[in-house]
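Here's a quick briefing to read with the model open beside you.

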Amino acid sequence: MPSKQASVPDFLYGTAWKEDCTVALTQLALRMGFRGIDTANQRRHYFEAGVGEALAAAYRAGVVTRDNLFLQTKFTYQRGQDHRLPYDPLASLATQVSQSMASSLEHLGTDYVDSFVLHGPSSAYGWTDDDSEVWEAMCKERDAGRARLLGVSNCSLQHLEQMAAAHAVAPAFVQNRCFARLGWDRDVRSFCEGRGIRYQGFSLLTANVEILHHPVVRGIAARANVMSAQVIFSLARQIGMLPLTGTSNADHMKEDLESLSLKLSQEDVQTIEFLAG
Ligand SMILES: NC(=O)c1ccc[n+]([C@@H]2O[C@H](COP(=O)([O-])OP(=O)(O)OC[C@H]3O[C@@H](n4cnc5c(N)ncnc54)[C@H](OP(=O)(O)O)[C@@H]3O)[C@@H](O)[C@H]2O)c1
């Protein structure tokens, strides 16, 4: 285990869908100041080894050290993968979890991750025995020091309630696509809030394009002399979320990080929070 461990940063840089640009964009994000990196051992959408290459380059260049980075990866069921699996599909789910973790650590050039997330429950309709087997295996990874914190992604309130009923170990994080029309995932957020679970929101811009371009949001942005995207990220933070951005653009990286110092009035927060649902 590490001597020092990074606290959870205020922003996570997401590395999905970057393919050959993963190395350069992850390095750029680190140089721009991101200290939280989100990836997954799911070659279909992420190039985790590329993230590791970027980390190694950033360490060599003195941009960052492992101790002040927050690294998050995920275990993905075979259904969410293509043929490039990080585990033996014939092995038990528990073994798949440990093989996926071993492969992530190798990709990322580290002996622990800060957060290990179940990419999504096995069924949209509820927490299953398979999920329980996977969660217990993830808990073992944590107990062995290979993951500091655990999380679940793409889950409904029902998943979380059933998970809580089945397991003593609660997730430290829930990572969900966040729709404004669902009150920015209000039900799941309030479940998390009551239990000290940190809510990570993704697709904050892409799932909410109508809000991004809404005259009310544009007006708030104009008054504060910022971009609408910055208003959305600031809102996210002010309603308790840890936002993700996967921008490929250096100016957007800068803007996104600058939104950390943007403080919306309580009235503006309320207005945007209830604008669509
Ligand atoms: N758990 C899961 O199942 C799951 C699913 C999806 C995503 N994620 C994670 O979340 C990360 C983020 O994904 P996302 O779905 O939120 O989408 P995203 O990859 O962050 O895409 C944001 C889009 O908005 C555009 N954009 C315009 N202005 C922007 C600004 N100021 N800041 C940021 N983007 C701006 C970006 O274009 P430019 O590139 O030109 O800025 C990009 O096309 C992923 O990389 C991944 O790590 C997790």
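The largest nonpolar core has 66 residues, and Phe116, Val152, Val174, Trp184 and Ile272 touch the most other members. A core here is a set of buried Ala, Val, Leu, Ile, Met, Phe, Trp, Tyr and Cys residues joined through side-chain atoms within 4.5 Å; buried means under 20% relative accessible area, exposed over 50%, and partly exposed in between (1.4 Å probe, protein chains only). Helix α9 (residues 228-238) gives the most to this core, with six residues.

Keep in mind that this is a predicted model: local features need pLDDT of at least 70, side-chain atom pairs count only at pLDDT 80 or more, and totals for chains, interfaces and linings use all residues. Residues are numbered from 1 along each chain as its sequence is written, and side-chain values use heavy atoms, with hydrogens and water left out.

- A second, separate core of six residues includes Leu12, Phe70, Leu242 and Leu244.
- Leaving out residues up to four places away in sequence, Trp184 has contacts (heavy atoms within 4.5 Å) that include Arg189, Leu204, Ile232, Ile272 and Glu273.
- Arg189 sits in helix α6 (residues 186-194); helices (H or I, at least four residues) and strands (E, at least two) are DSSP runs, numbered from the N terminus.
- At 6% relative accessibility, Arg189 counts as buried, and what it touches includes Trp184, Tyr199 and Glu273.

**Helix α1**
- In α1 (residues 22-32), the buried residues include Val23, Leu25, Leu28 and Ala29.
- Among the elements covering them are β1 (12-14), β2 (36-38), α2 (48-60) and α10 (250-258).

**Ligand site**
- There are 27 residues around the ligand, and Asp38, Ser203, Gly246, Thr247 and His252 come nearest (near means a heavy atom within 4 Å).
- A ligand oxygen atom is 2.6 Å from a polar backbone atom of Gly246, and a ligand oxygen atom is 3.3 Å from an N or O atom in the His119 side chain.

**Aromatic pairs**
- Six aromatic pairs turn up, counting rings of Phe, Tyr and Trp (its six-membered ring) with centres within 6.5 Å; planes under 30 degrees apart are stacked, over 60 edge-to-face and the rest tilted.
- Phe11 and Phe34 pair edge-to-face, at 5.6 Å centre to centre and 75 degrees between the planes.
- Phe11 is buried at 2% relative accessible area, and Phe34 is buried at 1%.
- Ring pairs link Phe11, Tyr13, Phe34 and Phe233 into a cluster.

Methods: Polar contact = N/O pair within 3.5 Å; in protein donor to acceptor, adjacent residues only side chain to side chain.
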